[in-house]
Amino acid sequence: MGWLETQVLSWFDKHGRRDLPWQKNRTPYRVWVSEIMLQQTQVITAIPYFQKFIKRFPTNRDLSKATLDEVLHLWTGLGYYSRARNLHKASILIEKQHQGKFPTSIESLIALPGIGRTTAGAILSLSRDLPFAILDGNVKRVLARFYSIKGYPGTAAVSKILWKKAQEHTPNTRTADYTQAIMDLGATVCQRTPLCEKCPLLKKCEAGSTGTFHLYPGKKMKGPKRTRAVRMFIIQNQQGDYLLQKRPKKGIWAELWTPPERSSNYSPKQMVSELNTASPIQYCQIVGPKLVHAFSHYDLHIEPIYLNVSCLPKISQASEWLWYNEEEDKPVGLPAPALKLMNIRNL
């Protein structure tokens with residue numbers, strides 16, 4: 001075991017996190033769920049979601065038997081919903097192709113939807129103590145600074161160097177502890193603005209010892225962000241229910257439920273006509289404040305149109321439509337902006 005691994009493990013024994021919910025009863029299933037949730041999500045945000053998810057789906061078999069709506073419902077507000085869809089798909093494949101048992105080879109794990117090299121490595125190292133490296137954002141930051149590796153980690157060349165270093169430092173003993181330790185070090189000490197004075201690697205860290213930590217890891221060059229404008233029609237009946245439409249299987253918020261979204265010039269009259277062409281619907285209209293929701297590659301500008309209808313529209317293709325009342329707690333997946341728009345004004 002080399003100097004870096006020894007220092008990281010020694011630091012972990014004194015300062016590492018051991019009370020996170022997924023650290024108890026470390027099964028491959030629990031590690032998998034936690035690793036998927038922690039992608040693009042901070043630990044403090046993921047904890048309550050993990051606890052609710054595991055309570056409802058304590059085993060992979062439970063998850064595989066659930067409907068997608070049930071899974072997305074528990075993911076509501078966590079964002080990046082493709083994670084939940086892939087989690088559900090993979091759970092079904094584990095039951096069908098692997099007789100309900102988690103694969104023990106990294107190749108079989110990577111073949112499952114939503115599981116990449118890092119997630120597969122984390123499952124095997126954290127739950128089985130096997131010597132497989134990981135390279136999440138925290139580990140990239142530690143290694144890029146320690147070796148002053150230039151360039152954006154998302155490029156193939158830089159990624160190859162970082163993976164080589166990650167593999168070199170992954171020990172054959174105490175692998176689970178080391179994996180957790182180097183993630184913790186990146187999350188709590190080697191942050192974007194690092195606490196170098198608390199770092200066990202400072203003595204040999206090239207970026208830390210020269211004060212150039214801000215240069216590593218290299219950042220991605222970004223062009224101007226696009227914008228897209230839409231209208232969402234927040235339609236409420238006299239019972240206080242909101243009309244939701246299921247989104248397509250592809251695109252943003254795929255297979256989630258939102259107020260019907262239309263083009264920015266789609267009129268309330270057109271929306272009402274679309275709902276029920278057989279008889280006119282009495283409604284009152286209020287235009288709400290615009291909401292901007294930021295995605296990684298563009299900003300979505302939503303103009304909410306609030307319609308209070310006097311009768312229940314007769315909707316065709318009923319499977320795509322749903323009257324929703326938050327108090328009923330139906331198993332429905334809702335993106336955060338949809339919840340926000342429905343709570344802005346109770347007509």
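How many disulfides does a search of the whole structure find? The search finds 0 disulfides, a disulfide being a pair of cysteine sulfur atoms within 2.5 Å.

The views come from a predicted model, in which local features need pLDDT of at least 70, side-chain atom pairs count only at pLDDT 80 or more, and totals for chains, interfaces and linings use all residues. Residues are numbered from 1 along each chain as its sequence is written, and side-chain values use heavy atoms, with hydrogens and water left out.

View A. Cys-205 is in no disulfide either. Its nearest cysteine sulfur, that of Cys-199, lies 6.3 Å away. Cys-205 is buried, at 10% relative accessible area (buried is under 20%, exposed over 50%, partly exposed in between, with a 1.4 Å probe and protein chains only).

**View B. The largest cavity.** The whole structure holds 2 cavities of 30 Å³ or more. A cavity is a set of points, on a 1 Å grid over the protein atoms alone, where a 1.4 Å probe fits but cannot get out; lining residues have an atom within 4 Å of a point. Grid points are joined across faces, edges and corners, and a volume is the space filled by probe spheres set on the points. The largest cavity has a volume of about 130 Å³. It is lined by 16 residues, with Arg-145, Cys-190, Cys-196, Cys-199 and Cys-205 closest to its centre. Helices H9 (137-146) and H12 (206-210) each supply at least two lining residues (helices are DSSP runs of H or I, at least four residues, and strands runs of E, at least two, numbered from the N terminus). H9 gives the largest share, 3 residues. The lining divides into 14 nonpolar, 1 polar and 1 charged (Ala, Val, Leu, Ile, Met, Phe, Trp, Tyr, Cys and Pro count as nonpolar, Asp, Glu, Lys and Arg as charged, the others, Gly among them, as polar).

**View C. The second largest cavity.** Its volume is about 60 Å³. Among the residues that line this cavity are Phe-132, Val-139, Thr-170 and Tyr-178. Helix H11 (residues 175-188) gives the most, with 3 residues. The lining has 7 nonpolar, 2 polar and no charged residues.

**View D. The salt bridge of Asp-184 and Arg-17.** The N to O distance is 3.0 Å (a salt bridge is a side-chain nitrogen of Lys or Arg within 4 Å of a carboxyl oxygen of Asp or Glu). Asp-184 lies in helix H11 and Arg-17 in the loop between H1 (3-15) and H2 (28-37), so the pair ties together parts 167 residues apart in sequence. Asp-184 is buried, at 0% relative accessible area. Arg-17 is partly exposed, at 22%.

**View E. The salt bridge of Arg-56 and Glu-70.** The side chains meet at 2.8 Å, N to O. Arg-56 sits in helix H3 (residues 43-56) and Glu-70 in helix H5 (residues 68-75), 14 residues apart in sequence. Arg-56 is partly exposed, at 38% relative accessibility.

**View F. The salt bridge of Arg-247 and Glu-261.** These side chains meet at 3.0 Å, N to O. Arg-247 is in the loop between strands S2 (242-246) and S3 (257-258), and Glu-261 is in strand S4 (residues 261-263). Both residues are buried.

**View G. A salt-bridge network.** Asp-13, Arg-18, Arg-174 and Asp-177 are linked by salt bridges. The structure has 14 salt bridges by this rule.

How values were computed:
1 Å grid on protein atoms, 1.4 Å probe; cavity = no way out; pocket = protein on both sides within 12 Å on 5 of 7 lines; lining within 4 Å.
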